[in-house]
Amino acid sequence: MSQSEVTGSGTRKRKRSISSDLSGKVKRESENKSNHDILSHAPASVKIVDLVENRATEIIALTNHVDKIGGTKLVSQRLPRHMRRRALSHNIQRLPRRLREVAAKEIERTGSTKRPSRKHRRRPKNLMSEYQRRQRRVSWLETHIWHAKRFHMIEKWGYRLPDHPNDKSMRACHRAADKYCLLQDVSYEGCIEMTGREDSIRLCLSHMVSDQTGPTLLGKQYVKGSKWGETVMFSQDQYPYQAIGRVSFLWRPPQSEDSTDRQLWMWSHPASFENIWQELVKCVTLEFGVSPHKEETPLQNGKEKTDGKTEDCSPEKTDLRDLQFKAGGIKLKSLKDSLCRFRLTGHTSQAIVAKVLQPSDVSVTDVTGSLWWQKFYAREDNQSSCAKQKLVSDWLKRCQSATEAPPSQVVALTVRDPRLLLPPKKIKVMPKVEVEQTQSSPTDAELVQTSPLWDEAVRQEVRSSKMADHELNKRRGENLVPGMPVDLGLDESRIPVLLLQRPGYRTTISASRQQQPKSVHQGFGCGWDVIVPQGWGTAFHIALVFRGARVGGLREATAVSREAGTLQFPADFPDTQAGKEYAAGQQDQLKKKYDRNPPAKRPNFVKMGVQNPFLCPWSQLVDEWQSTTAPQSTSGQIFVLRNLRMLKLLNEVMRMQRKGDGSNLSRFDAFPGKAELEKLVSSNARCLIPLRITMHGKGVPLKFAHICIPKSEDFESLNKDSDTGGPCEPKHPDPEGVRRRKARKQNKKSKKTKTIDLKSALATPSNPMEAALAKMLTHGDESSKEDNENKDFSPEKELSNASSSGERLISSTKRQIIGFVNDGDFSLGQGQGHGKAFCSLPGLLKLMSEISAGAPCLALVRNTTTLQYRFVWLSVIM
């Protein structure tokens, strides 16, 4: 190719470029003119809503793309499922190369590539530190690990407690409590130790108890220490008002005849423990007129010496386990969580206790021994206890049931390590039937020995000298013959325990179809309470389970109390602060559950005529009934009547039989003690009467059910047909029902006609960008106004309409309301509905005045979810 051709071609190219530049300038000038023409025709304003609506799809796609790049998920979690491997959690090389750099940054941010292995976490040191960390907010029982694997656990009263077993065991637990053995860990009950002169202790406690409620802790049968009891405590000199709670108490037997220093233990429920402690401190301070001296515990002293930070000086919640108080020669000390208490209920509890609690050899041959039991039983006053250990153990084995022991008897024993006596597998211990018993029963003096459990130094040594499980297993493995018992000699622990006999309940109810009373199984609920020192709870618990005891929780304890017809704290103590808090917490829980259900799946309490579906309004009930008897005075505190004399009078009115000369009179008018009852009403018009209710026929009374006064036509229909179901409550009008239904129809219609567009896609935004778009798109929409109107028909609004009606509570239904059911369910022991209730005293006497002396004592009960009334028998709980 010649040079001229090359240059020629290059010249031609340059000419083309020049011409293209000229043409480009011409085009740009023409485009500028056209753009100027377009802008001249553009609108002066732009509608943002239309613009965003047209670009919404692109913005949502961009937002989703950004979320996929970032977000809260890890790189390994954003991989496709076919590329996910367990090795990705700690090996970056398993990831694609494009994601390794991002994964490395994630590992640097977290600081760890792999969670510690289970073997590392299950080491005893790490495991115990984890358990201690989990107990910072709530406390655990010593048997928590055993229960947590088999029970549904709940948080109550500052503890993590077992509520009910995971298996279906309602009938099995009732059968165990009736015929076999039901075991419950009640170690959450706190113990308060009171020491001082006997007269000083009596003087202080006399301000908090009353003998009108029955035998108190000041009774002669209890002061000797041979028996234990229960009583209700009140604020200082406020009986019958301001009840605090129920306590069980035990006096230490006098160490000598001339000794005046005594020791008293009082167990309280955790819901009332702090209130009882504060009231005891108040009584001691005011009685002796001295300034209290609060002793510091070693734990607090050590903390102040080691921690000098300012943050430790900030006020913290008081630890109820470290409370100590001293004033006027009386010393109070909290033994909370220092004693373990197990409750055995049932016929075979006697045999199980006798099998587990084997007496240990505490005969002292070496007086100079350093062990606690060698020092304790070397004393002359305690040497006689060694010979009585075998006698008491043989007596326990001979007893067929706990009812054969003296009621509320206390037995002190020093037993062997229960871990050495465990059977190879679970067995069911049954009492041995003996036709003849030649040996006599031991006396109270022989049963009640001075127990080493009362001494704090002994309890600490028993806990610290406990042989570890791994050491015990090592000793067991060294046996030449497998399965043979291990003989530890002096290394074996001797554990002091206390046995408290529970006599059970002998209640009487009215039969469902007859007027003669039918007795519940006598002795139901009998058994033993076993008290062991701290640190030995799990060992004794497992030993009892391996002998055939079935374990129950809080639900089973409530069922046993309901079957026996006794009051349970704090649910059945509505006049205490703990009872009010329990009711308020239950109301919130039931209300939240009600709100979660749709309107078609929950009852309309307005139509049912129920003003308070989740709460028993005791104050309103008492105020309205008091206004019927004394309109000028409707103020004051409510209280539960606990005067045994008055409760017996009311029970006599209910059980009064037919009389020939008083058949035309009412039960109240025909009662011989009518004048005394009228005086009772005038002085106790603001009290609640605890009642036991039993269904006359079919039906089950549930909690919050109404107890009403029957009319004359109700009794006439019952006399004609004994199987009648009872009257029915007519439906109540719902003022907001029409408006609520209209709003629901509009919502359904709008949902059907509404097409799937961008607005429906943005109804549930998943990020802030979509939320902003949805807000802009729905601005000024008429459908949002309808939604705002429908907010008036929320569950809270419906419940408020039910409770804020203008009618009075007692006249809100066709039958007058005199009380409410506090606890009710189907009784497996009686085969019919059964429960506990509280009624106003004036309302109960009005019921008695409208029932003839020859007619049965019946009332009406109606559950909150039905309009059907049922007849129930009434009897007083004493």
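User: How many salt bridges does a search of the whole structure find?
Analyst: The search finds 28 salt bridges. The model is a predicted one.

User: What makes glutamate 198 and arginine 202 a salt bridge?
Analyst: Their side chains meet at 3.4 Å, N to O. The cut-off is 4 Å between a side-chain nitrogen of Lys or Arg and a carboxyl oxygen of Asp or Glu, so the pair qualifies. Both residues lie in helix α8 (residues 198-205), four residues apart, about one turn of the helix.

User: Why are glutamate 198 and arginine 202 called partly exposed?
Analyst: Glutamate 198 has a relative accessible area of 23%, and arginine 202 has 28%. Partly exposed runs between the buried limit, under 20%, and the exposed limit, over 50%, so both values fall in that class.

User: Why does the pair of aspartate 337 and arginine 321 count as a salt bridge?
Analyst: The N to O distance is 3.9 Å. That is within 4 Å, so the pair counts. Aspartate 337 is in the loop between β10 (330-334) and β11 (339-345), and arginine 321 is in the loop between α11 (298-306) and β9 (324-327), so the bridge ties together parts 16 residues apart in sequence.

User: Is aspartate 337 buried or partly exposed, and on what value?
Analyst: Aspartate 337 has a relative accessible area of 19%. Buried means under 20%, so aspartate 337 is buried.

User: What does the salt bridge of aspartate 529 with arginine 341 tie together?
Analyst: The closest N and O atoms of this pair are 2.8 Å apart. Aspartate 529 lies in strand β16 (residues 527-533) and arginine 341 in strand β11, so the bridge ties together parts 188 residues apart in sequence. Both residues are buried. Salt bridges with shared partners join Arg341, Arg343, Arg502 and Asp529 into one network.

User: How do you know that cysteine 283 is in no disulfide?
Analyst: The structure holds zero disulfides. For cysteine 283, the nearest cysteine sulfur is that of cysteine 204, 7.0 Å away. A disulfide needs sulfur atoms within 2.5 Å, so cysteine 283 has no such partner. Cysteine 283 is also buried, with a relative accessible area of 1%.

User: Why is methionine 484 called partly exposed?
Analyst: Its relative accessibility is 47%. Exposed requires over 50% and buried under 20%, so methionine 484 is partly exposed. Methionine 484 lies in the loop between α17 (469-477) and β13 (495-502). Together with Leu480 and Val481, Met484 forms a nonpolar surface patch of about 360 Å² accessible area.

Terms used
Residues are numbered from 1 along each chain as its sequence is written. This is a predicted model: local features need pLDDT of at least 70, side-chain atom pairs count only at pLDDT 80 or more; totals for chains, interfaces and linings use all residues. Side-chain values use heavy atoms; hydrogens and water are left out. Patches are made of residues with over 30% relative accessible area and no salt bridge: like charges are joined within 9 Å, nonpolar side chains (Val, Leu, Ile, Met, Phe, Trp, Tyr) within 5 Å. Accessible areas come from the Shrake-Rupley method with a 1.4 Å probe; for residues, only the protein chains shown count as cover. Helices (H or I, at least four residues) and strands (E, at least two) are DSSP runs, numbered from the N terminus. Buried means under 20% relative accessible area, exposed over 50%, partly exposed in between (1.4 Å probe, protein chains only).
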